[in-house]
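Trainee: Could you take one part of this protein and go through it closely with me? I would like to see how it sits among its neighbours.

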Amino acid sequence: MTILTPAPVVLDDPAAMDAATVGSKAAHLAQLRAAGFTVPDGIVLPSALLAGWRAGAPAPHEIKQAVAEAVAAFPGQALAVRSSADAEDAAGASFAGSYATVLGVTGVEQALAAVRTCLDSADAPRVSSYRGSGGIHMSVLVQPMLDPDAAGVAFTADPVSGAPDVVRISAIRGLGDRVVDGTANPEEWQVSAGAADRLPGDADPALTPDQALQVAEVAQRAAEHFGGPQDIEWAWCGGEVHVLQSRPITTLPVPPTATLDGLGWEKDAAHYAELFTPFGWSLFGPTVAAAGLPMADNFGLMIDGIDQVSIGGEIYVRPIPPFGSPEPQGPTPPAALVGLVARVHPKLRRRMRAARQALESGLPDRTLATWDEQWCGEFEQRTTALKFHGFGLESEYDLLLAENLNEFIAGVG
């Protein structure tokens with residue numbers, strides 16, 4: 001019996017619209033391309049083909065041949081080699097920024113290395129933490145590189161306020177990968193009611209108002225096509241908008257509904273996009289509050305923490321000043337006086353000294369690195385242990401008691 005090796009799939013093949021075959025990223029692009037959107041050509045190396053390539057081993061012959069065919073399909077062009085997993089760009093979990101993309105690839109050897117990078121990204125610690133115990137089937141999408149005038153991302157609902165009638169656009173000149181990975185300072189646009197407004201900032205101009213409107217229009221059509229708010233990656237090239245990726249926005253903040261007495265209160269949609277239950281906030285709120293002052297001391301922040309209150313599950317916050325009241329009386333003092341007080345007040349002098357030491361020692365970067373390299377893994381292990389082994393149910397008697405209790409609850413239900 002002859003066993004057929006899964007073959008590469010071009011984006012115009014109907015099979016490319018099946019996420020189980022080519023992964024969600026490629027499938028969404030194939031669906032948009034079939035619907036008339038401008039999407040670059042592409043060839044997908046399906047997960048069934050790549051599954052036999054073990055990490056650290058040479059690429060099997062059939063994979064080398066498939067990669068060579070993909071490179072030959074775009075002669076003389078630099079390539080973008082992009083992961084396309086089945087467990088991404090879904091309504092419940094986007095895995096945004098988790099998997100690898102390699103740009104500027106030329107030749108078969110570089111393409112093979114890029115494919116390997118995409119496959120290895122499925123086992124990165126941050127991906128394992130995000131996906132939990134589920135497996136991943138990784139396909140790889142090979143596309144010719146564009147040379148865009150501008151590129152970036154667009155959200156078809158405001159990711160800060162949750163407003164469904166607002167498109168937020170981030171844009172830079174040239175390739176948009178620096179927007180996606182957070183290394184660029186993009187210009188920001190807000191499009192609503194047929195008007196495009198550039199938001200205040202010092203970023204270099206990338207789009208005209210008319211171009212911003214066209215980006216928003218394409219993003220909104222993608223949202224209509226998929227039946228829900230979308231986060232798209234786009235490129236302005238050759239006078240039109242090319243779609244490079246479209247994924248559901250998995251979490252949108254709930255617009256604030258409460259009005260609080262006092263000054264400075266603002267709904268914290270950035271950190272608390274979803275409503276908290278009273279029980280959840282009773283556990284989480286005090287922990288965050290207790291961390292405020294030590295964090296301010298360590299990093300030299302000019303606050304003593306954050307006031308937080310839950311109103312119907314919505315979390316509202318305001319900064320706690322290092323001295324005085326969050327409800328100041330009278331006019332704001334002149335900036336010169338504030339600067340003088342900061343130099344003579346013992347507490348503020350300590351904070352300024354701590355801020356200098358934190359920056360000079362690289363404390364912010366080291367803290368982020370420690371999260372990636374240590375704390376995240378420890379947190380995942382503890383969460384998994386609680387999830388699968390219970391809260392200290394160690395003896396056979398305890399396990400039997402828990403089993404009988406679960407049966408009793410199921411019977412009552």
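Mentor: Start with a definition: accessible areas come from the Shrake-Rupley method with a 1.4 Å probe. By that method, the accessible surface of the protein chain comes to about 23000 Å². Carbon and sulfur atoms account for 58% of that surface. Keep in mind that this is a predicted model.

Now the setting. The protein chain has 13 helices and 14 strands. It holds 413 residues, and 36% of them are buried. A residue counts as buried when its relative accessible area is under 20%.

The part to study is strand β5, residues 138-144. Seven of its seven residues are buried, so the strand is largely enclosed by the rest of the structure. Look at its two faces in turn. On one side sit M138, V140, V142 and P144.

Now find the partners of β5. One is strand β2, residues 43-45. Three bridges join β2 to β5, and the two run antiparallel. To locate this pairing, find L45, which stands opposite V140 in β5. Another partner is strand β3, residues 79-85. Seven bridges join β3 to β5, again in an antiparallel arrangement. Here the place to look is S84, which stands opposite S139 in β5.

How values were computed: Residues are numbered from 1 along each chain as its sequence is written. This is a predicted model: local features need pLDDT of at least 70, side-chain atom pairs count only at pLDDT 80 or more; totals for chains, interfaces and linings use all residues. Side-chain values use heavy atoms; hydrogens and water are left out. Helices (H or I, at least four residues) and strands (E, at least two) are DSSP runs, numbered from the N terminus. Buried means under 20% relative accessible area, exposed over 50%, partly exposed in between (1.4 Å probe, protein chains only). Two strands pair if DSSP finds at least two bridges between them.
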